Amino acid sequence: MLHDCVFLIDVDNTLLDNDAVIADLRQHLVDVIGTECERRYWEIFEQLRNELGYADYLGALQRYRIERPREAQVLQISLYLLRYPFANRLYPARSNLLRQLHARGRPVILTDGDVVFQPRKIERAGLWGAVDGEVLIYIHKEEMLDDVERRYRLGGTLMIDDKIRILAAMKAVWRDRLTTGLRPAGPLCERRGARGEVPGG
């Protein structure tokens, strides 16, 4: 489907407080498997992220289990991740932002992640329905702009993200067709420049 005005929105630390999710997971790991094993999980997590290029929480847990096949508590961690109440970690301004974007065009979630946990996070947070199923998940979204463009006409496009690096990379490709919005520390997203400039972009 083609839309005249498309709003691309990141998820982690843009619509959803992913830092708080990680803090909760860290505490749960300590409670269930102890500090030393929690540290080992994050070592595996970082190794896997370096290999794959994205965060894979369930994949890291599976590798952890291979190292410790008799550690039954791993099942509790798996259920914790799958049942986590992501909707409780949405930023308060999210509803108002999406309402405003719906009134002006088509909001589309554009995010990085794995093919299992990231869709579940988005769905359990209520974001999948909030954008009418318009969800794109890539390993590196800034490298898949041709696919995004194949799906949506860039006739006035805004990208909101929390990473200047991502915004600058997208701006370098789409140039004046893209306006970028950096999610600041405050509750709402702010637009940077009438033509979408970001620092260094």
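**Figure 1. Overview of the predicted chain and its contacts.** Of the contacts in the chain with a separation of 6 or more, 63% are accounted for by residues 24 or more positions apart. The model shown here and in the following views is predicted. The chain contains 9 helices and 6 strands. Buried residues make up 47% of its 201 residues.

**Figure 2. The largest nonpolar core and its contributors.** This core has 39 residues, and those with the most contacts inside it are Leu25, Tyr41, Trp42, Tyr57, Ile77 and Leu127. At least two core residues come from each of strand S1 (6-9), helix H1 (18-33), helix H2 (35-52), helix H3 (57-67), helix H4 (74-83), helix H5 (94-104), helix H6 (117-124) and strand S4 (157-161). Apart from this core lies another of 17 residues, which includes Val108, Tyr152, Leu167 and Trp174. In soluble globular proteins, nonpolar side chains tend to be buried together.

**Figure 3. Surroundings of Trp42.** Trp42 is one of the residues with the most contacts inside the largest nonpolar core. With neighbours within four places in sequence left aside, the contacts of Trp42 are Ile22, Leu25, Arg26, Leu29 and Tyr57. Of these partners, Leu25 and Tyr57 are also listed among the residues with the most contacts inside the core.

**Figure 4. Packing of helix H1 on helix H2.** The axes of H1 and H2 come within 7 Å and cross at roughly 135°. H1 and H2 are therefore oblique to each other, and their crossing is right-handed. From H1, the contact draws on Ile22, Leu25, Arg26, Leu29, Val30 and Ile33, while H2 supplies Thr35, Cys37, Glu38, Tyr41 and Trp42. By class, the residues of the contact of H1 with H2 are 8 nonpolar, 1 polar and 2 charged.

**Figure 5. Packing of helix H1 on helix H4.** Here the axes of H1 and H4 come within 10 Å and cross at roughly 160°. Because of this angle, H1 is roughly antiparallel to H4. H1 passes H4 in a right-handed crossing. On the H1 side, Asp24, Leu25, His28, Leu29, Val32 and Ile33 meet Gln76, Ile77, Tyr80 and Leu81 of H4. The contact of H1 with H4 comprises 7 nonpolar, 2 polar and 1 charged residues.

**Figure 6. Helix H3 and its packing on helix H4.** The axes of H3 and H4 lie 11 Å apart, and the two helices pack at an angle of about 175°. H3 and H4 are therefore roughly antiparallel to each other. H3 contributes Tyr57, Leu58, Leu61, Tyr64 and Arg65 to the contact, and H4 contributes Val74, Ile77, Ser78, Leu81 and Leu82. The residues of the contact of H3 with H4 are classed as 8 nonpolar, 1 polar and 1 charged. Within H3, Tyr57, Gly59, Ala60, Leu61 and Tyr64 are buried. The elements covering the buried residues of H3 include H1, H2, H4 and H6.

**Figure 7. Asp161 in strand S4.** Asp161 is located in strand S4. Its relative accessibility is 0%, so Asp161 counts as buried, the limit being under 20%. Asp12 and Asp161 are 149 residues apart along the chain, and their C-alpha atoms are separated by 8.7 Å.

Notes: Residues numbered from 1 in each chain as written. Predicted model: local features only at pLDDT ≥ 70, side-chain atom pairs only at ≥ 80, totals over all residues. Heavy atoms only, no water. Core = buried A, V, L, I, M, F, W, Y, C linked by side-chain atoms within 4.5 Å. Buried < 20%, exposed > 50% of the residue type's maximum accessible area, 1.4 Å probe, protein only. Helix = DSSP H or I, 4+ residues; strand = E, 2+ residues; numbered from the N terminus. Contact = heavy atoms within 4.5 Å. Axes fitted to C-alpha atoms, helices over the stretch in contact; angles between N-to-C directions. Parallel < 35°, antiparallel > 145°, perpendicular 65-115°, else oblique. Left-handed = near helix turned anticlockwise from the far one by under 90°. Nonpolar A, V, L, I, M, F, W, Y, C, P; charged D, E, K, R; others polar.
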